[in-house]
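Trainee: Hi! Could you walk me through this one?
Mentor: Happy to, let's look together.

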Amino acid sequence: MGIASSDGVDFFMLLDNVAAEQAHGLPSCPVLERFARVIEQRAVDMFLYLQDGDRACLQMAIGPFLHLLESNLLTAVDPATPPGDTRKLYLYAVHDVTLIPLLTTLGIFDHKWPPFAVDLTLELYQHQKSKEWFVQLYYHGEGQVPRGCPDQLCPLDKFLNAMSLYILTPEKYHTLCSQAQATKLINGE
């Protein structure tokens with residue numbers, strides 16, 4: 001492959017190249033094709049090692065988005081919100097390296113690198129009789145049971161409670177980032 005044995009291997013870069021070539025029907029290096037699954041697994045392993053399941057890492061990676069999601073959901077279910085002020089649809093586009101922490105936080109990461117153009121859908125429902133709110137989650141078109149939820153149709157309060165461990169307000173996020181930057185300056189990094 002032209003990589004010297006003394007050079008480190010960047011599995012993220014290798015995986016990105018292999019995935020892009022496959023997604024766009026481009027020819028690929030035969031060696032890379034043969035080791036595509038190994039490359040993917042090493043990239044996943046490296047990513048998980050860097051996160052180490054650490055709540056603080058997941059908060060920094062996805063906490064502000066979860067805050068926004070929580071805010072949107074609570075606005076949608078608030079009876080004081082005028083009907084015309086509630087959006088019916090929110091769309092977000094992210095890279096795979098943002099999606100993995102979100103999938104991990106949701107408790108649905110399958111230890112496979114997300115394919116190009118994969119979708120993650122969160123639907124909000126209200127029971128007609130009880131008026132209770134529920135969420136339903138789909139990843140790559142398949143129903144999922146999020147962390148802290150008893151079933152695919154999850155009570156909104158249980159879903160938000162499970163996500164609350166990872167939510168960061170923008171203010172808290174900036175405070176944590178400032179502390180990290182100050183620590184680097186003090187340590188001479």
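Mentor: A disulfide here is a pair of cysteine sulfur atoms within 2.5 Å. Keep in mind that this is a predicted model.
Trainee: Okay, so how many disulfides does the count come to?
Mentor: The count comes to one disulfide. Cys-149 is joined to Cys-154, with an S to S distance of 2.1 Å.
Trainee: Is that disulfide left-handed or right-handed?
Mentor: Left-handed, because the torsion about the S-S bond of Cys-149 and Cys-154 is about -75°.
Trainee: New topic, helices. At what angle do the axes of α4 and α5 cross?
Mentor: Roughly 85°, and the two axes come within 9 Å. Helix α4 covers residues 55-77 and helix α5 covers residues 96-106. Angles of 65 to 115 degrees count as roughly perpendicular, so α4 and α5 are roughly perpendicular to each other.
Trainee: Which residues make the contact?
Mentor: From α4 you have Leu-58, Ala-61, Ile-62, Phe-65 and Leu-66. From α5 come Thr-98, Pro-101, Leu-102, Thr-104 and Thr-105. Seven of the contact residues are nonpolar, three are polar and none is charged.
Trainee: And what about the second largest pocket, what lines it?
Mentor: Its lining includes Trp-113, Tyr-139, His-140 and Glu-142. By class, the lining has four nonpolar, two polar and three charged residues.
Trainee: How much space lies in there?
Mentor: About 150 Å³ lies in the second largest pocket.

Methods
Residues are numbered from 1 along each chain as its sequence is written. This is a predicted model: local features need pLDDT of at least 70, side-chain atom pairs count only at pLDDT 80 or more; totals for chains, interfaces and linings use all residues. Side-chain values use heavy atoms; hydrogens and water are left out. Axes are lines fitted to C-alpha atoms, for helices over the stretch in contact, and angles run from 0 to 180 degrees between N-to-C directions. Helices (H or I, at least four residues) and strands (E, at least two) are DSSP runs, numbered from the N terminus. Angles under 35 degrees count as roughly parallel, over 145 as roughly antiparallel, 65 to 115 as roughly perpendicular and the rest as oblique. Contact means heavy atoms within 4.5 Å. Ala, Val, Leu, Ile, Met, Phe, Trp, Tyr, Cys and Pro count as nonpolar, Asp, Glu, Lys and Arg as charged, and the others, Gly among them, as polar. On a 1 Å grid over the protein atoms alone, a cavity is a set of points where a 1.4 Å probe fits but cannot get out, and a pocket is an open set with protein on both sides within 12 Å along at least five of seven lines; lining residues have an atom within 4 Å of a point. Grid points are joined across faces, edges and corners, and a volume is the space filled by probe spheres set on the points.
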